[in-house]
Amino acid sequence: MKTISQVARLTGISTRTLQYYDEIDLLKPSELTPSGYRLYNDEALQKLQQILFFKELDFKLGEIKAILEEPGFDKIKAFKNQKNLLKLKRDRIDKLIGLLGRLEKGEQCMSFKEFDLSEYIEALETFKNEKTDDVIKYWGSVEKFNEFIRKIRDDDGHMAELAIKQFGSIEKYTEAMKYNLEHFSELMEQANEIAERKDEILQHSDDLFTKLTSDMTRDITSEDIQSTVRDIIEFSQENNMGIDMGDGYWDMMIESYAHDTVREINDKKYGAGASDYIAAALRYYFHKEQPSQ
């Protein structure tokens, strides 16, 4: 048996943390002395080791508690899974350290391969195994879903670049994608409802952009223009099924208006200069950036 102070010295975590684990029923002491001091046996220390492994993998305490309380919890299987996840985390950190070392030396490294999508790909594999019926229903077959995963693996550098641009980090992107996978059936039902209203939605969107570009001599900073921009953004958010599009989504949309194909389509539909005008109006809305003269 070890006292709470001995466990704290052994593990490097504070006695207050151990007391808190006791309070939330995550890790109870094996015994209490007549004076009320907590004592921990080897089994309790093994459980604490599991908790610390899960914490290292960024699991929340509530999630760890639920996992450990599962009737079918398999410690050996958990060790194997934790080992694989820690290897992925180690490899990712090693790559980031290497990139920082090159940047520190003054090298120009515009590299995104260090920001790998291992966790997202693992989430896709888990989704495939646990929601096979949904995979077949919406992708046609497991083989087609495997092809989807393979394309992400093959192009993970480009995917990582887009993820960072849209969400700010791979972690935020993965968190958002995991949420989408966990609520996949609900989101697809909403998508079907929106598809039934497709013509109505497209028409209303077109009406808003027509209103925005009806007189492109107007100052994009004016209240009437910015009010229309606000209507466009709110309408878009109302019809995105509650999906987190990331903090950088609208900046990516603004950037897209400079692409030749997009510019040609918008200028043909709304008038010469419409694409640049829309981009400038959106840029001012989000960044209060004045258009260049």
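**Figure 1. Salt bridge between arginine 16 and glutamate 23 in the predicted model.** The closest N and O atoms of arginine 16 and glutamate 23 are 3.3 Å apart. Arginine 16 is partly exposed, with a relative accessible area of 44%. The count of salt bridges comes to 13, and the pair formed by arginine 16 and glutamate 23 is one of them.

**Figure 2. Aspartate 25 and its salt bridge with lysine 28.** Aspartate 25 is located in the loop that runs between helix 2 (15-23) and strand 2 (31-32). Although aspartate 25 is not a glycine, its phi is positive, at about 65°. The side chain of aspartate 25 meets that of lysine 28 in a salt bridge, with an N to O distance of 3.3 Å. Both partners fall in the partly exposed class: lysine 28 has a relative accessibility of 44%, and aspartate 25 has one of 41%.

**Figure 3. Salt bridge between arginine 263 and aspartate 260 within helix 15.** Both residues belong to helix 15 (residues 260-270), where they are three residues apart, about one turn of the helix. The closest N and O atoms of the pair are 3.9 Å apart; this pair counts as a salt bridge because the cut-off is 4 Å. Arginine 263 is partly exposed at 25% relative accessibility, whereas aspartate 260 is exposed at 61%. Elsewhere in the model, salt bridges with shared partners join Asp22, Asp25, Lys28 and Arg38 into one network.

**Figure 4. Contact of helix 15 with helix 16.** The axes of helix 15 and helix 16 come within 7 Å and cross at roughly 100°. The two helices are therefore roughly perpendicular to each other, since angles of 65 to 115 degrees fall in that class. Helix 15 contributes Val262, Arg263, Asn266, Asp267 and Tyr270 to the contact, and helix 16 contributes Ala274, Ser275, Asp276 and Ile278. Sorted by class, these residues are four nonpolar, two polar and three charged. Arginine 263, listed here among the contact residues of helix 15, is also the salt-bridge partner of aspartate 260.

**Figure 5. Contact of helix 13 with helix 16.** Helix 16 (residues 274-287) also meets helix 13, with axes that come within 10 Å and cross at roughly 85°. That angle makes helix 13 roughly perpendicular to helix 16. On helix 13 the contact is made by Ile225, Gln226, Val229, Arg230 and Ile233; on helix 16 it is made by Tyr277, Ala281, Leu282, Tyr284, Tyr285 and Phe286. By class, the contact has nine nonpolar, one polar and one charged residues.

**Figure 6. Asparagine 239 in the loop between helix 13 and helix 14.** The side chain of asparagine 239 reaches the backbone oxygen of phenylalanine 235 at 2.8 Å. With residues up to four places away in sequence left out, asparagine 239 touches Ile194, Arg197 and Ile201.

**Figure 7. Packing of helix 6 and helix 8.** Helix 6 (residues 118-130) and helix 8 (residues 142-154) have axes 11 Å apart and pack at an angle of about 175°. The pair is therefore roughly antiparallel. The residues in contact are Tyr120, Ile121, Leu124, Glu125, Phe127 and Lys128 of helix 6, together with Val142, Phe145, Asn146, Phe148, Ile149, Ile152 and Arg153 of helix 8. By class, nine of the contact residues are nonpolar, one is polar and three are charged.

**Figure 8. Phenylalanine 59 in the loop between helix 3 and helix 4.** The relative accessible area of phenylalanine 59 is 29%, so the residue is partly exposed. When residues up to four places away in sequence are not counted, phenylalanine 59 touches Phe54, Ile64 and Ile67.

Note on methods: Residues numbered from 1 in each chain as written. Predicted model: local features only at pLDDT ≥ 70, side-chain atom pairs only at ≥ 80, totals over all residues. Heavy atoms only, no water. Helix = DSSP H or I, 4+ residues; strand = E, 2+ residues; numbered from the N terminus. Polar contact = N/O pair within 3.5 Å; in protein donor to acceptor, adjacent residues only side chain to side chain. Contact = heavy atoms within 4.5 Å. Axes fitted to C-alpha atoms, helices over the stretch in contact; angles between N-to-C directions. Parallel < 35°, antiparallel > 145°, perpendicular 65-115°, else oblique. Nonpolar A, V, L, I, M, F, W, Y, C, P; charged D, E, K, R; others polar. Buried < 20%, exposed > 50% of the residue type's maximum accessible area, 1.4 Å probe, protein only.
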